[in-house]
Amino acid sequence: MDEILINGGNRLLGEVRVSGAKNSALPILASTILSGGECVITNLPRVVDVLTMGKLLGILGTKVSHEGNRAVIQAAAIHSTEAPYDLVKTMRASVLVLGPLVARFGEAKVSLPGGCAIGSRPVNLHLAGLAKLGAEISIEHGYITAKANRLRGARIYCDTPTVTGTENLMMAASLADGVTMIENAAKEPEIVDLAQFLVKRGARIHGAGTDVITIEGVSQLHGGDHDVIPDRIEAGTYLAAGAMTRGEVTVTHCHPRHLEAVLMKLREAGADVQEEKDLVRLAMPGILKGTDVKTLPFPGFPTDMQAQMVALMSLADGTSVITETVFESRFMHVEELRRMGADIRVEGNRLVVTGRKALTGAPVMASDLRASAGLIVAGLAGEGLTQVQRVYHLDRGYERLEEKLRALGADIQRRSMTTQVH
Ligand code: UD1
């Protein structure tokens with residue numbers, strides 16, 4: 001198992017290019033199942049989750065040729081409609097194949113994702129929506145089975161806006177008979193990206209990016225090309241790292257309008273943030289100020305940036321209250337940040353963070369993807385050596401993280417524990 005070693009304290013200076021969005025790439029790859037035509041996807045991030053989705057598509061019988069940031073996919077000869085436990089347990093987003101499989105082949109069997117470090121993450125809304133579309137759903141032996149001769153359009157109301165749930169239903173409804181309306185849909189940019197790809201392939205979708213999405217089902221889709229949008233969470237992570245180290249960082253190839261809530265909070269914290277068409281410049285001219293943050297569905301502050309913001313507030317002047325409203329127990333990074341000297345009190349779904357003058361490097365353990373990003377950001381600003389263990393979480397979603405941070409002047413490297421043993 002690898003670990004990341006950071007000698008904190010260097011100001012981050014320079015430009016960093018953002019990769020494609022993992023959370024866009026995953027549904028886009030899953031959606032290739034909806035037709036037999038060739039799909040060419042570019043700006044795919046080289047991260048483990050994307051490779052896992054490629055592997056899952058391969059198991060189903062899809063032809064995937066993946067090179068660098070481009071993949072050519074053809075789902076003409078699918079021979080299985082089952083997503084096995086061994087894969088789903090490593091990546092919950094595997095559930096994204098459920099909608100496309102049942103819509104095109106009339107059946108799907110997908111392992112029910114288990115518990116996870118950020119609390120209970122049910123898929124009940126995915127299943128209730130598919131049932132509304134006419135699928136017969138059952139759960140047996142740890143697997144979800146969905147069956148339908150042909151899905152039919154329906155009006156679906158989501159109790160909570162769910163990102164992958166909206167994506168699953170949008171994909172399924174694209175091949176249903178008649179019109180589907182998804183109400184209280186999630187509005188994340190990744191949903192708009194998926195909708196645009198589906199529309200290029202013949203789907204009829206309106207309203208993606210608003211809370212009501214209307215889908216007029218068509219009898220078949222064709223192949224198509226698509227360039228994945230930039231990763232707004234990766235961009236936000238580099239900006240937080242820039243602010244935390246009092247650096248000057250320019251994040252390029254991003255969409256600033258996808259980052260508005262994050263940029264607003266960084267400004268409140270004292271950063272000078274300039275937006276241009278596809279880049280954001282950040283500098284920290286004065287003191288880092290405490291600021292309150294509440295995570296919310298898009299366009300609110302993203303839960304995937306919460307850990308990085310907590311790290312930042314640990315060094316800010318004053319007290320900040322960070323409220324997590326999207327996931328129930330997404331605070332695994334708190335104990336680890338305390339080991340670095342952070343003063344954080346947990347009150348239900350709120351964190352009260354009292355800024356300290358300094359954090360000190362320490363061995364810390366990553367527990368999930370974004371918690372790891374928070375620890376990295378803290379380590380970059382901490383005094384002395386931070387060793388982040390269990391970095392496979394980071395590898396699921398950040399492309400060439402150490403290389404990109406090193407280019408900004410960070411003293412960071414990966415130590416392969418396997419190499420050490422031999
Ligand atoms: C996606 C993102 C993840 C991000 C999250 C919230 C992907 C691959 N992952 O996850 O990075 O942190 O959105 O922005 O895109 N819920 C239910 N029932 C359901 C589905 C969800 O109650 O059937 C609840 C969840 O427990 C949570 C809330 O809805 O409290 C939002 O979750 P959801 O948007 O579904 O998250 P994911 O799509 O899993």
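## Close-up views of a predicted model

View 1. Residues are numbered from 1 along each chain as its sequence is written, and side-chain values use heavy atoms, with hydrogens and water left out. Strand 3 (residues 38–42) and strand 14 (residues 224–227) pair in the parallel sense over four bridges, where pairing requires that DSSP finds at least two bridges between two strands. Strands (E, at least two residues) and helices (H or I, at least four residues) are DSSP runs, numbered from the N terminus. With strand 5 (residues 70–74), strand 3 pairs in the antiparallel sense, again over four bridges, and valine 40 has valine 72 of strand 5 as its bridge partner.

**View 2. Strand 1 with strands 23 and 24.** Strand 1 (residues 2–8) pairs with strand 24 (residues 411–416) in the antiparallel sense over six bridges, and isoleucine 4 is bridged there to arginine 414. Strand 1 also pairs with strand 23 (residues 384–389), in the antiparallel sense and over six bridges; in strand 23 the bridge partner of glutamate 3 is glutamine 389.

View 3. Strand 15 (248–252) and strand 17 (residues 279–283) run antiparallel and are joined by five bridges, with threonine 250 bridged to arginine 281 in strand 17. Arginine 281 also stands opposite glutamine 274, and strand 16 (residues 272–276) pairs with strand 17 in the antiparallel sense over five bridges. Strand 16 and strand 17 form a hairpin with two residues between them.

**View 4. Two backbone features in loops.** Histidine 253, in the loop between strand 15 and helix 9 (260–268), has a phi near 55°, which is a positive value in a residue other than glycine. Phenylalanine 298 and proline 299 are joined by a cis peptide bond with omega of about 10°, and proline 299 has its place in the loop between strand 18 (293–294) and helix 10 (306–313).

View 5. Around the ligand are 19 residues, of which Asn124, Thr162, Thr164, Asp304 and Val326 come nearest; a residue is counted as near if one of its heavy atoms lies within 4 Å. Among the polar contacts (pairs of N or O atoms within 3.5 Å), a nitrogen atom of the ligand is 2.7 Å from an N or O atom in the side chain of asparagine 124. One oxygen atom of the ligand is 3.3 Å from a polar backbone atom of proline 122, and a backbone N or O atom of valine 163 lies 2.7 Å from an oxygen atom of the ligand. Taken alone, the ligand exposes 740 Å², and the protein buries 84% of that, with accessible areas from the Shrake-Rupley method with a 1.4 Å probe. Helix 5 (124–132) and helix 6 (163–174) are the elements that give two or more residues to the shell, and helix 5 gives the most, with three residues. The shell divides into eight nonpolar, eight polar and three charged residues, where Ala, Val, Leu, Ile, Met, Phe, Trp, Tyr, Cys and Pro count as nonpolar, Asp, Glu, Lys and Arg as charged, and the others, Gly among them, as polar.

**View 6. The second largest pocket.** About 230 Å³ of space lies in the second largest pocket, a pocket being, on a 1 Å grid over the protein atoms alone, an open set of points where a 1.4 Å probe fits, with protein on both sides within 12 Å along at least five of seven lines. Its lining residues, which have an atom within 4 Å of a point, include Arg11, Met244, Arg246, Asp317 and Lys357. By class, the lining divides into six nonpolar, two polar and four charged residues.

Definitions and conventions: This is a predicted model: local features need pLDDT of at least 70, side-chain atom pairs count only at pLDDT 80 or more; totals for chains, interfaces and linings use all residues. Grid points are joined across faces, edges and corners, and a volume is the space filled by probe spheres set on the points. A polar contact is a pair of N or O atoms within 3.5 Å; within protein, one must be able to donate a hydrogen and the other to accept it, and residues adjacent in sequence count only if both atoms are side-chain atoms.
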